[in-house]
Amino acid sequence: MNSVLLAGSEIPGGEFLKERPDAEHVKQFRLFTGNANPELANEIADYLDVRIGSALVSRFMNQEIQVRIEENVRGAEVFVIQPTCTPVNDNLMELLIMIDALKRASVRTVTAVIPYYGYAKHEEKTAGREPISAKLVANLITVAGADRVMTIDLHAAAIQGFFDIPLDNLMATPILAKYFREKEFPKEHLVIVSPDAGGVARARAFAGRLDASLAIIFKKRPRPDESEVIEIVGEVEGRIAIIMDDLISTGRTLITGTNALMARGAREVYACGTHPVLAGNALELIEESALREVVVTNTIAVPRDHQNGKIKVLSVAPLLGEAIRRISMNLSVSELFV
Ligand code: R5P
């Protein structure tokens, strides 16, 4: 079951494969990457048939971040690929300093390509005297000089409004749906499950692509990073259930959801989540659980030695590459999802 798609391998999201930009056009845009997910950046570069721009992104002895753009970028349209995943603060700071360096090197525009947007779960105050960290991060990216942001499956769509610059929030749903369509599960036996009330719109869209029915888990969090199922709405008995989530962090939402679905007679339970945060012992919990398979994408790299038999990684490189090509040619990005 283990597989990470590398550059040049078969692309499950193949529906995004379109024509390559021509040589003249390639000269107009450049890709750069920090240290958050260089494998993904290389895959995007392969898709676009361009190379990654040369930049030093390192540390001084005192651990401050050192950045130097090592080629002329004057007047260029630049895309910096940097998910703000663990170590989230380092990766965020690298992104900010790279944007600053590029702006000071007289680029025409900088697009911050942030496939996974860290701090997205802190998009509102849930109690007094809490921050709204997702808004603070948006301010930091804007003040650093980004002209545009591209991301995938933001945890809360409202974060788009935290920016006063254009933000393209792409969806991994077509890639995940294609993978499950190829399993040819009988539609009448398939149910897509939202693991919480907040994920219903996403799960409904996924169910629509698979022509499946919908169920909703209502959960509560007795303490941060814990999850408890209160109720399940929808028919799950005898069905193949696919829990659809945006991110998998501790894995507890998936595990408690799976146990509740099995207790109500589900035949088998799969899960998918765009962002494999996989914090703490999430991989062990998934391995020991009743889940058949957990399908994620490579917005965050899943190191080979951290993969277990149940994790399947699909590539978002064609999606991001195609969106970059379209933005740089002033073509529609939303047309990718019709
Ligand atoms: C919650 O609103 C999210 O959509 C995910 O369900 C949640 O963040 C997953 O976290 P964990 O894996 O820690 O339960």
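The model is predicted.

Stop 1: Select residues 23–171 together with 317–337 and colour them as domain 1. The centres of domain 1 and domain 2, taken over C-alpha atoms, are 28 Å apart. Where the domains touch, domain 1 brings 17 residues and domain 2 brings 15 residues.

**Stop 2: the domain 1 side of the contact.**

Which kinds of polar link join the domains? Eight residue pairs are in polar contact between domain 1 and domain 2, both residues of each pair at pLDDT 80 or more. The number of salt bridges between the two domains is zero.

Now show the cartoon. Select helix H2 (38–48), then helix H9 (317–328). Each supplies at least two residues of the side of domain 1 that touches domain 2. H2 gives the most to that side, with three residues. Sort the residues of that side by type: 11 are nonpolar, two are polar and four are charged.

**Stop 3: the ligand.** Select the ligand and the residues around it. How many residues surround the ligand? There are 14. The closest are Lys 121, Asp 245, Asp 246, Thr 250 and Thr 253.

- Thr 253: a polar side-chain atom lies 2.5 Å from a ligand oxygen.
- Gly 251: a backbone N or O atom lies 2.8 Å from a ligand oxygen.
- Asp 196: a polar side-chain atom lies 3.4 Å from a ligand oxygen.

**Stop 4: a cis peptide bond.** Go to Thr 86 and Pro 87. Is the peptide bond between them cis or trans? The bond from Thr 86 to Pro 87 is cis, with omega near 0°. Pro 87 sits in the loop between strand E4 (77–81) and helix H3 (88–104).

**Stop 5: a positive phi.** Finish at Glu 184. Look for this residue in the loop between helix H5 (173–181) and strand E8 (190–194). The phi angle of Glu 184 is near 55°. That is a positive value in a residue other than glycine.

Technical notes:
Residues are numbered from 1 along each chain as its sequence is written. This is a predicted model: local features need pLDDT of at least 70, side-chain atom pairs count only at pLDDT 80 or more; totals for chains, interfaces and linings use all residues. Side-chain values use heavy atoms; hydrogens and water are left out. Domain bounds come from an automatic or database domain assignment. Contact means heavy atoms within 4.5 Å. A salt bridge is a side-chain nitrogen of Lys or Arg within 4 Å of a carboxyl oxygen of Asp or Glu. A polar contact is a pair of N or O atoms within 3.5 Å; within protein, one must be able to donate a hydrogen and the other to accept it, and residues adjacent in sequence count only if both atoms are side-chain atoms. Helices (H or I, at least four residues) and strands (E, at least two) are DSSP runs, numbered from the N terminus. Ala, Val, Leu, Ile, Met, Phe, Trp, Tyr, Cys and Pro count as nonpolar, Asp, Glu, Lys and Arg as charged, and the others, Gly among them, as polar. A residue is near a molecule or strand if one of its heavy atoms lies within 4 Å of it.
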